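Work through these exercises with the structure in view. Try each task before you read its solution.

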Amino acid sequence: MEFDEMKKIWDAQNSQPFYEIDEKALRNIQLKMNTVLRATSVSEWLLILINLGAGIILLGLHPFKSGANIFLYLEAAWMFGIVVYLLVCRDRRIKASRRFDRSIHGDLDHWISLAGYQMRISQIVRWNFLPLGAIMILSGWEAGKLARVGIVILVSFSVAFYVTSKGYQVNKRRKRKLQVLKEKLDTGI
Amino acid sequence: MTEKEQLDILEGWLKLHKGLIFKVVRAYTVTDHDDLFQEIIIQVWHSIPAFRREASVTTWLYRIALNTAIKWTKKEKKYSGAETLDNVQHLLQENRAQTDERLSWLYGEIYKLDEIERSVTLLLLEGFSYKDMSAILGISESNVGVRINRIKKQLIAKSKNYDSHGI
């Protein structure tokens with residue numbers, strides 16, 4: 001069979017599509033379209049809100065007064081700092097996403113960059129626990145509750161480490177697959 | 001652009017160009033037609049505000065559909081539990097009247113190619129120029145040309161087996 005003949009076979013399907021759309025099922029999808037949120041955006045906002053909420057609660061529970069535990073204020077300041085940092089990262093990510101063109105190559109670049117960004121966020125969440133934990137231990141030590149605070153930190157750090165490791169590994173694999181795909185596109189092999 | 005306008009544009013595009021999306025779906029999956037079709041129309045819907053009429057609607061839709069299909073095949077896990085609920089009600093029904101075995105063979109051969117080559121083959125069969133294909137794929141025209149020569153040779157060679165042995 002010559003290629004022209006294949007083209008004719010291909011074109012013949014235009015008059016008789018292979019599928020029919022179930023209009024009712026289509027309408028169900030249309031209804032939920034606006035609620036589809038990107039995972040990146042959700043995880044960003046979740047982190048921002050958690051840090052902001054925790055910072056506000058710390059300040060709310062311990063209003064400024066003489067003799068108050070200074071380390072609690074440090075914790076709150078650290079969390080607000082993380083919020084600002086995440087907002088800056090988000091703003092940079094959105095601005096950077098406009099750089100990519102709409103070709104398949106440009107789209108792959110965009111998704112590789114996004115996977116890298118999600119990996120960085122996972123790392124930030126994981127290692128953020130070290131300075132935060134140190135401040136909390138100092139705070140617990142000053143308040144005479146070192147053992148209790150130590151257990152809380154250990155459990156929290158273990159959970160955060162496990163969750164972020166999973167997220168990090170998923171994005172790492174995804175990024176690698178996309179890079180392989182981009183290499184194929186570039187080299188033609 | 002309001003949500004209503006966006007939805008109207010999507011419906012208009014689907015009415016005129018759904019065949020194009022069907023071709024991408026059929027070329028990129030054997031079993032998960034509904035999933036991929038749903039993903040493509042959601043991405044098309046998201047892309048509508050960015051459409052500037054610099055390209056034709058067909059070119060735009062091919063870009064979005066192929067981008068989505070390529071990424072879709074690379075996902076770790078295609079859908080979460082909540083999303084699969086939509087699949088209970090089948091979105092696409094196969095049209096049994098279409099029984100050209102040669103076309104099924106052609107789709108089968110396209111499916112055997114890797115994700116990138118599949119895109120090139122679809123664009124080639126749709127009659128896009130090298131220039132358009134280069135813009136859609138984001139690679140040089142010479143790179144497109146090399147791939148096309150290789151794909152054509154491969155398909156013609158395989159079609160000889162099909163013609164003589166029906167395989």
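**Exercise 1.** State how many bridges join β1(A) to β1 of chain B, and in which sense the strands run.

*Solution.* Find β1(A), residues 19-21, and strand β1 of chain B, residues 92-94. Strands here are DSSP runs of E with at least two residues, helices are runs of H or I with at least four, and both are numbered from the N terminus. Three bridges join the two strands, which run antiparallel. Two strands pair if DSSP finds at least two bridges between them. Now take one residue: A:Glu20 has B:Gln93 in β1(B) as its bridge partner.

This is a predicted model, in which local features need pLDDT of at least 70, side-chain atom pairs count only at pLDDT 80 or more, and totals for chains, interfaces and linings use all residues. Residues are numbered from 1 along each chain as its sequence is written, while chains are lettered from A and ligands numbered from 1 in the order in which they are written.

**Exercise 2.** Describe the side of chain A that touches chain B.

*Solution.* Start with the counts. Chain A brings 42 residues to the contact and chain B brings 49. Residues are in contact if their C-beta atoms, placed from the backbone, lie within 7 Å. Next, list the elements of chain A that give two or more residues: α1 (3-12), β1 (19-21), α2 (23-32), α5 and α6. Of these, α6(A) gives the most, with eight residues. Finally, sort by class: this side has 21 nonpolar, 10 polar and 11 charged residues. Ala, Val, Leu, Ile, Met, Phe, Trp, Tyr, Cys and Pro count as nonpolar, Asp, Glu, Lys and Arg as charged, and the others, Gly among them, as polar.

**Exercise 3.** Decide how α5 and α6 of chain A are oriented.

*Solution.* Locate α5 (residues 104-143) and α6 (residues 146-187) in chain A. Their axes are 9 Å apart and pack at an angle of about 165°. That makes α5(A) roughly antiparallel to α6(A) (an angle over 145 degrees). By class, their contact has 21 nonpolar, 14 polar and six charged residues.

Methods
Axes fitted to C-alpha atoms, helices over the stretch in contact; angles between N-to-C directions. Parallel < 35°, antiparallel > 145°, perpendicular 65-115°, else oblique. Contact = placed C-beta atoms within 7 Å.
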